[in-house]
Amino acid sequence: MRARWMGGGVAIAVVAAGIVVAVWPERASARDPEIQISRSACGQGWADPRAGVQTFHLHNTGSVTAEVDLIDPATGVVYGEVEGLGSGTVRPMQVTLGNGAYAFRCLPEDSSAIVGPVVTVSGGAERGPGVAPVTQNDLLGPLKAYQAQVTQGLDQLAADVGKVKDAIRGNDRGASQAAWLVAHLDYERLGAAYNAFGDSDKAINGTADGVPDGVKSPDFTGFHRLESGLWHNEDLAGLVPVAEQLDSDVQKLRKSFADSQVDPNDLGLRAHEIVENTLQFELTARTDYGSGTNLATARANLDGTQAVLDVLRPVLAPRYPELSKVDNWMKRTKATLDSARKPDGSWTPVSQLSASQRRKLNADVSELTELLAPIAAIAEPRRIS
């Protein structure tokens with residue numbers, strides 16, 4: 001489940017099954033209108049337009065599920081949104097309305113969009129920014145650019161995993177550990193593409209959580225299995241098959257990715273989720289199997305997030321007023337993580353951070369996570385016709 005944010009003040013929780021659950025801070029008043037949603041009566045029922053906070057009760061009187069947007073009919077900018085409004089059901093849409101023209105846009109399944117009557121609100125404050133809808137065409141350029149970056153990143157990953165394998169075969173633990181970190185960070189920078197990697201992600205970067213026998217299980221493979229062996233003094237000869245399997249899995253992913261594609265929905269969503277997962281797993285050291293390099297991983301995760309922001313910038317710049325603030329907090333959080341790198345190039349383990357360092361790091365990553373959250377909704381491709 002994730003929150004959907006709209007500039008007009010709508011927050012909707014979207015459950016994986018497609019059910020829309022809305023939780024509002026106050027009860028609807030008797031003045032709140034019921035708006036009909038159907039092919040023949042889109043947007044009917046708004047007879048008392050007024051400025052300020054109000055709740056519309058969207059009643060799908062049609063025979064199919066529909067999406068509903070509250071838009072500026074002249075520009076298509078969206079001020080409210082409800083997805084998955086089933087036939088015969090009623091759902092609330094709470095918005096804060098400023099002066100201007102509005103209309104409901106109904107998008108029934110398997111039908112063209114219908115825009116209802118235009119209603120003008122006056123006598124209130126100037127309205128806040130809405131969200132200009134992003135279409136599939138808007139994302140073609142960013143997707144192509146990101147696909148090319150991931151392809152290049154996988155080439156580098158394959159080369160660096162080969163160095164890990166060679167170092168382990170050469171029975172050099174120090175060189176193996178150094179090569180492991182370089183290759184692992186290569187992979188961690190590709191975060192927005194993980195969904196396109198399919199089962200390869202678990203094979204390459206999965207943990208022992210939920211695996212029978214834990215780290216001793218033959219089903220535990222990839223980077224973290226090597227990490228456990230390299231930093232717990234396992235015989236290097238015994239790790240050769242693990243390194244060879246990792247090399248094989250990376251080569252398999254490299255070939256398969258050429259025939260796959262990153263989901264357009266994943267770009268905006270992963271910009272937030274990468275940092276959210278960093279907060280949950282790396283800053284708690286839950287994924288530390290002995291190397292103590294979680295903060296290096298966190299720093300690589302920010303590089304992965306930056307890659308997504310860079311390709312999405314043409315889409316986000318006119319739609320997200322807080323983008324410059326995101327940029328500032330990205331710089332600040334990168335600097336905070338960089339301060340955990342020692343002069344010899346090694347990284348301070350999470351367990352060795354001082355209380356003040358931990359507080360600052362958690363605060364910076366938490367704030368960045370909040371600022372990135374709206375991007376998932378803003379950059380999601382929408383139907384407009």
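Which are the buried residues of helix 7? Before turning to them, note that this is a predicted model, in which local features need pLDDT of at least 70 and side-chain atom pairs count only at pLDDT 80 or more, while totals for chains, interfaces and linings use all residues. Residues are numbered from 1 along each chain as its sequence is written, and side-chain values use heavy atoms, with hydrogens and water left out.

The protein has eleven helices and eleven strands, where helices (H or I, at least four residues) and strands (E, at least two) are DSSP runs numbered from the N terminus. Of its 385 residues, 51% are buried, a word that here stands for under 20% relative accessible area, found with a 1.4 Å probe and protein chains only.

Helix 7 covers residues 264-282 and reaches 26 Å from its first C-alpha to its last, close to the 27 Å expected at 1.5 Å a residue, the expected span being 1.5 Å times one less than the number of residues. A kink of about 45° is centred on Arg270, the bend being the angle between axes fitted to the seven residues ending there and the seven starting there. Arg270 is itself one of the buried residues of helix 7, and the others are Pro264, Asp266, Leu267, Gly268, Leu269, Ala271, His272, Ile274, Val275, Thr278 and Glu282.

Helix 2, made of residues 173-188, reaches 22 Å, and its buried residues include Trp180, His184 and Tyr187. Among the elements that cover the buried residues of helix 2 are helix 1 (136-169), helix 6 (236-257) and helix 8 (294-316), with contact meaning heavy atoms within 4.5 Å.

Terms used: Buried means under 20% relative accessible area, exposed over 50%, partly exposed in between (1.4 Å probe, protein chains only).
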